[in-house]
Each structure stands twice: as C-alpha cells, then as structure tokens.
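Hi,

Here is the structure I promised to pass on to you. Have a look at it first, and then read on for my notes.

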Amino acid sequence: MKRINYPFTQEAIRELKVGDNVLITGKLFTGRDAVHKYLHEGNKSPVNLKNQIIYHCGPVTLKDKLGKWRVTAAGPTTSIREEPYQWEVIRDHGIVGVIGKGGMGKKTLDACKEYGCVYFHAVGGAAQVLAEKIKSVDGLFLENLGLPEAIWELTVEDFPVVVTMDSHGRSLHDEVFKVSEEALKKLL
Amino acid sequence: MAKKIKAKKNGQKKSPLKKTSSSQFDSLLQLIRMTSTIIPDDVQRVILKALEAEEKNTTAAYAMDIIKANMELAQKKSQPLCQDTGTVLFYINHPKNFDQMAFTKNVEKAIVAATKKGYLRQNSVSSLTGENSGVNLGPGHPSIHYHQHKKEMVEVRLMLKGGGCENVSAQYSLPDVTLEAGRDLKGVRKVIFDAILKAQGKGCGPGVLGVCIGGDRAHSHAHAKEQLLRFLDDKSPLSDLAKLEEEVVMTANKLGIGPMGFGGKTTLLGCKIDHLNRLPASFFVSISYMCWAFRRQGIVLGKKDEIKKWLY
Ligand code: SF4
C-alpha cells in the first residue's frame, strides 16, 4: 500500500506504477461530463487545477439545516466519456491525477506520460466506503451545471484507489483486454 | 447475511417511516429506501461467494473487499449503495379494478420525497436543455410498467438501474457478419460474449446479464431488463436456455476480466435468458447489463396498502 499526501507533486506521481494500491489524503475536485465539456469549450476554470486531482464523480449531496453541504454517496463514474477532453485538461490545467472507473484511452495515456499524470481507479459502486473518506466539503463551483455535475472541492483521508494507468505508458485496462480477448478466442 | 437483512427490516419498524407505512405513499417510500440501500439477499450471497473465490492479496480481492464493506455500510447508514441511483423502474402486478392513475401519482410523490431524503440522487436531466429537474420526474421518468394478473394482491417491484451499466447494455441484429454470429443459439452465445468483452471495466463488474432473444427492438430490450427481476439462483424452465445461462457464467469467469476489470476470477455473477417471437426478417438479441450494485426489491401490499411481504 502506497500513500500520497497533499500537496501532490509531479515527482510523487511519477513514482506510481500500474497495480499500486494507493491511499490518497488531501484535496480532490470532482468534475465529470459537464465540467469537461465546459473546460474544453475554453471557459476559465473557477479553481486552479495545477497539481490537483480530478475525481470523475457526481455525488449525492445534502444540505443540512445550517446550510452546510454533506456528501452522502460518492463513487466514481465511467471515465471513458471524458476521453475526448481529458488530455487537454491534463495539458492545459496541469492536473496530476484523475480518479474514475473503467479506465481511459490512448489520448489520456499519452498525456499522462507526457505531462506527468496518473489514472487512479476507484471501486465503482462503492459510494459509501468512499464517501466515508471525505472529511469535509470545502467548496462548490459551477452549481448551475446541476449538483451531480458541479465541481465539489473535497478533503479526503485515506481514499482507496488502484493505479491502472501510470505515467510510463502502461495501462492495466489494455493488458486485461488483450488477455481476455485471447482467452475468449480459445473458448468460443 | 440473510439474518442480517431480516434484522434490519424488523429494526426499521421502529422508525417513523415504517410505523406510518399504512398508505401507498409510505409503503412506496419505504420500498425506494430499501432498494437504494440494501442489496437483495440472493445477490449478496453470490457476491460473498465471489469474494471468497478471488485469490488473497490481489487487486481483485481488494476490490471485492471494498464492495463487501460498502454493502455493510450502506445498510448500516441507510444511504445509497451507489451514488448513481439509476433509472427508477417500477413493475406492478395488480388485480382488475386497480387505479393505475392514482398509483402513478403516489409513485411520483414517493420519488420526490426519496430524492429530498437523499435515497435517490437528482438524476433526471432534460435531453434537450441539459437541465436537471432536481426531483427525478420528467418525460420517461419514472418508468412504470403495469401488468394485470389474476391474483387479488398488488405486487410492486422496483429496480434502480445505473447509467454505467446501462451504457454497456447492447442490442445485436443477427446475422452479425463481423462476429460471425448466425441466427441460432450459437450466434446468440457469440454476441453475448462480445458484449461481456466490451463491457469490461465499464459497468462495475462483476455483473449480471439479462438477455432476450427475439422481439422487436423496444420490447426485446425491455424483456431483457425484466429478466433481472428473476432470482439470481433460478434457472430458465427451458433446458436449452438453462444450459446456456450456466455456461455463459462459467465461461465468462474464465476470461480473466475480474471485478472492475482489474483481472481476476469473477466477471459475471449470473445470466438470465428468455425469448420472444420475432418477425421472419428480424433476429435481435438484447443484453441488459446490471452492475454488482444490483438494486431491486419488491413488496406485496396488504389491504390497507401496508407492506405485507418483501419479495426478495
Ligand atoms: S454501474 Fe452500477 S455500481 Fe457502477 S456507478 Fe453505475 S450504478 Fe453504480
């Protein structure tokens, strides 16, 4: 089990390899379909994403009586939908990590290598386990995109993920796909 | 696990929600809450078996451990298992002289209340404007299927089907030249495995397949989804389909896709297949993929619309 702690650095990210189980402590920003489209269209990000981690997640959120937000469920959403945009966000905004599920394609993998970023896979559907790791909700941006689509600034502790695409060009998703495709050929 | 769930259900009798469940609205709200927060017993059993099957200290075992912890935590906190609380699909079997319109109103009321309470996420978005209705109502939402039956009682089943797994659901039109899949069970088998291969990593596996052979495009998909209402340990009454159901699961679990597509032993938890007649010109195979966060529950309503019995 490895750990990375805030503030995140390029060096720490470059040390991570496919297959590493990692616990993340520090800051995360959620961002999914609408946010990626928004940034892709050239709009300015409401937060500085340099050396930050983006989490593909549309959480279930509740406001308590004092007007404070609470995240009650927060698992990853399917990342491949951001494939057209992610490489650009890595390049232009300097993010060093993407958390999601299902992995991403070649453009993202190449950008991870070139600019120093990794793809962390969180366990899909594990919304409660992951929400428990959220220690505070520190900000809400682009609320007009709808609550699941907005950017939520979160502080997490020991957030469990697995590196499935590293900054050295390896993708576990490609590897498992090839193995399963070969296996299927023999079984069909 | 079976015991645990029972205990929880009894335990909930004390909650104000359960105490007042003497109206359609209360019973429906309770049904939504249970569906969103607790994996049905038949599915839990298979998930726990899958956890044992994975080799210790692998990424697959790690993922299954987190899944187990998540099931326990969601149940304990009565909060959604997964943040994507999915398309809200109701299946209602009712006797004659049943007021569907009044029932639909109560379903909608219960959905709005469940969204406010956080059992459902604000999940209904206009396809034209992108606007989120905020209450999970809108054209096509919820999806309610009424069916009249001969029995005197009203059975209400609810499935919450997430977007990730819906996105990897698929429909094939046979013959499929690229896959060399013809219009027979062999061809059906080929397209099922194509869907499994392509779904890897994306639909939060290990998953369950509902399959329909035949029908028109729309009915075929709907019927495939309805297969997911079957108990996970049942078998098709047709021996050919029962054999195929079993073989698909066994073979899929030899592909090394594993939980979340991390590699590993369990790719599928189950496969349920049925058929509909088709036109001579068409041969559709529809595959509805359900993630491990398999949320479906059902109730039988009593005379006063109270929950008389849980169906899963
Ligand atoms: S596929 Fe299922 S478990 Fe995964 S995010 Fe969607 S609803 Fe949740």
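How much area is buried between domain 1 of chain B and domain 2 of chain B? About 1,000 Å², and carbon and sulfur atoms give 63% of that. Please keep in mind throughout that this is a predicted model.

Some background on those two domains. Domain 1 of chain B is made of the segments 21-38, 81-162 and 295-312, while domain 2 covers 164-290. Their C-alpha centres are 26 Å apart. At the boundary, twelve residues of domain 1 of chain B meet 14 residues of domain 2 of chain B. On the domain 1 side, Met159(B), Lys161(B) and Arg296(B) lose the most area to domain 2 of chain B, and together they make up 48% of what that side buries.

Next, the contact between the chains. Chain B contributes 41 residues to it and chain A contributes 46 residues. The area buried between chain B and chain A is about 3,500 Å², with 66% coming from carbon and sulfur atoms.

Now to a sheet in chain B. Four strands form an open, mixed sheet in the order β4-β7-β5-β6. Its edge strands are β4 (170-173) and β6 (268-275) of chain B, each of which pairs on one side only. Direction ignored, neighbouring strands of this sheet are turned by 15° against each other on average. Helix α9 of chain B (residues 217-226) packs on the sheet and touches β4, β5, β6 and β7 (284-290) of chain B. The direction of α9 makes about 35° with that of β7(B).

Within the sheet, β5 of chain B (residues 207-213) pairs with β6(B) in the parallel sense, over seven bridges. To find your place there, look for Val208(B), which stands opposite Gly270(B) in β6(B).

Strand β5 of chain B also holds Cys212(B). Is this residue buried or exposed? Cys212(B) counts as buried, because its relative accessibility is 0%. Leaving aside residues up to four places away in sequence, Cys212(B) touches Ser220(B), His223(B), Ala224(B), Asp274(B), Leu276(B), Phe284(B), Val285(B) and Ser286(B).

Helix α10 of chain B (residues 239-252) is worth a look as well. With 14 residues at 1.5 Å a residue, α10(B) should span 20 Å, and this agrees with its end C-alpha atoms, which are 20 Å apart. Its buried residues are Leu241(B), Ala242(B), Leu244(B), Glu245(B), Val248(B), Val249(B), Thr251(B) and Ala252(B). What do they pack against? The partners are α6 (172-187) of chain A, together with α8 (185-199), β5 and β6 of chain B.

Finally, a hairpin in chain A. Strands β4 (residues 60-63) and β5 (residues 69-73) of chain A run antiparallel and are joined by four bridges. Leu62(A) stands opposite Arg70(A) in β5(A). Five residues lie between the strands of this hairpin, and Gly67(A) takes a positive phi near 85°.

Happy to go through any of this with you.

Best wishes

Conventions. Residues numbered from 1 in each chain as written. Chains lettered and ligands numbered in written order. Predicted model: local features only at pLDDT ≥ 70, side-chain atom pairs only at ≥ 80, totals over all residues. Heavy atoms only, no water. Pairing = 2+ DSSP bridges. Helix = DSSP H or I, 4+ residues; strand = E, 2+ residues; numbered from the N terminus. Axes fitted to C-alpha atoms, helices over the stretch in contact; angles between N-to-C directions. Contact = heavy atoms within 4.5 Å. Expected span 1.5 Å × (residues − 1). Buried < 20%, exposed > 50% of the residue type's maximum accessible area, 1.4 Å probe, protein only. Domains from an automatic or database assignment. Buried area = accessible area lost by both parts, 1.4 Å probe.
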